[in-house]
Amino acid sequence: MLLLVLLFVLANALAAWLDLPLPRLTSLQPPWPFAWRYDTDLPVSPYVWRKLALAAAMTATAATAALAAVWGLRRRRWRWAALVAATLLFANTPWPRPALYLAPAVPTSFDRSPLPFTPASLLQGAAAYQARCAACHGAAADGRGPLAATLPTWPSALGQPLFQNRLEGEIYWRIRHHADAAGMDAETAWRVIDYLRAVAYGESGGAGMPAVPAPGLALTCRGRGRMPLSALRGQPVRIVAHGPATAQDERDDPRVVTVVLTRGAAIDAECTSDDADAWVAYALLAGATGDTLAGAQFLVDRQGWLRARHAGGDAPAWTSGDDVCGPSGRLHVAVAAQGLAQILKAMDASPIAIDRARRG
């Protein structure tokens, strides 16, 4: 039984570390045991690849010589020569410095948030950030808090670069081990990360960031009653923040499920949500405020990811410049797309896997 449990834990760890499409339990995520990890986005020069190939070839030759030495112990032939050759090859293998082809890692590098990405959780993260972090890092996470100038080292900005080529488990590690964050529990740290991710997405439109899921909503849909946003998985969704000039965009469209965010207004739309927290959360993702969100629109793909954002109003029609992300979650504009139909087609052509570590 103990062996089965160990095998299950190892399989769960492998699924997380390699991001395999298998169900896994985040509570069973063991710490990453190495100081380095492979990063597909890390640029590695051809010179380093050649050095790695040479080192791998020498290591393979050394292993062969070591096996020959073991074989020689039984045959009593060439064992010392093979042993010396293996030792010299192992000792002189020219492995490049890890920093040239690997990224630094921490024990929680491959951990993922166990919390649902919801408006309420985002606002809890916002409150925790403003209470614990804003004095140094700034209310807008721009590194310009009122105490910034009093610190020995100027605090960093926590916008889009924070999430570029950095796993959320590594951001979590930095927060939990920050001197000024002492006593912050794990759930609060994850909520702060989600809040910072929403702010960074709002400022950058998602360019250069990992994919961001659409925050969960409680919907009232015509003919179907109450349901969560996640019940619409498998269908593309357009979310419209209701405003004076959004009547045309709020009409039913056979290409998408239209969801209208309101601030209590009675709207006849396919689906509506009057959640006050949702209005504020989507304002963060639009890079707006609650008073300026009206008219903004979002496209959510069939897997539940935010794929495009549009200012609405007098802005031009949907284009690939509205930030359609590819499978890696990075900005993907290899093929110019004009209009909603082409944007939806581009989304379907470049799907992003469902975030298996998230609930909801």
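Which residues does serine 109 touch, not counting residues up to four places away in sequence? In this predicted model, serine 109 touches Arg37, Leu167, Gly169 and Glu170.

Let me place that residue. Serine 109 lies in the loop that runs between strand 2 (103-104) and helix 4. Is serine 109 buried or exposed? Its relative accessible area is 1%. The cut-off for buried is under 20%, so serine 109 counts as buried.

Its side chain has two partners to show you. One is the side chain of glutamate 170, joined to serine 109 by a polar contact of 2.8 Å. The other is the backbone nitrogen of valine 106, which the serine 109 side chain reaches at 2.9 Å.

Next, helix 4. This helix has 14 residues, and at 1.5 Å a residue they should span 20 Å. The C-alpha atoms at its ends are 20 Å apart, so the two values agree. Buried in helix 4 are Pro119, Ser121, Leu122, Gly125, Ala126, Ala128 and Tyr129. What do the buried residues of helix 4 pack against? They pack against helix 5, helix 8 and helix 9 (276-285).

Last, the second largest pocket. Its volume is about 420 Å³. It is lined by 22 residues, and those closest to its centre are Cys133, His137, Leu158, Ile175 and His178. Helix 4 (119-132) comes up again here: along with helix 5 (134-137), helix 7 (168-176) and helix 8 (186-204), it gives two or more residues to the lining. By type, the lining has 15 nonpolar residues, 4 polar and 3 charged.

Methods:
Residues numbered from 1 in each chain as written. Predicted model: local features only at pLDDT ≥ 70, side-chain atom pairs only at ≥ 80, totals over all residues. Heavy atoms only, no water. 1 Å grid on protein atoms, 1.4 Å probe; cavity = no way out; pocket = protein on both sides within 12 Å on 5 of 7 lines; lining within 4 Å. Points joined across faces, edges and corners; volume = space filled by probe spheres on them. Helix = DSSP H or I, 4+ residues; strand = E, 2+ residues; numbered from the N terminus. Nonpolar A, V, L, I, M, F, W, Y, C, P; charged D, E, K, R; others polar. Expected span 1.5 Å × (residues − 1). Buried < 20%, exposed > 50% of the residue type's maximum accessible area, 1.4 Å probe, protein only. Contact = heavy atoms within 4.5 Å. Polar contact = N/O pair within 3.5 Å; in protein donor to acceptor, adjacent residues only side chain to side chain.
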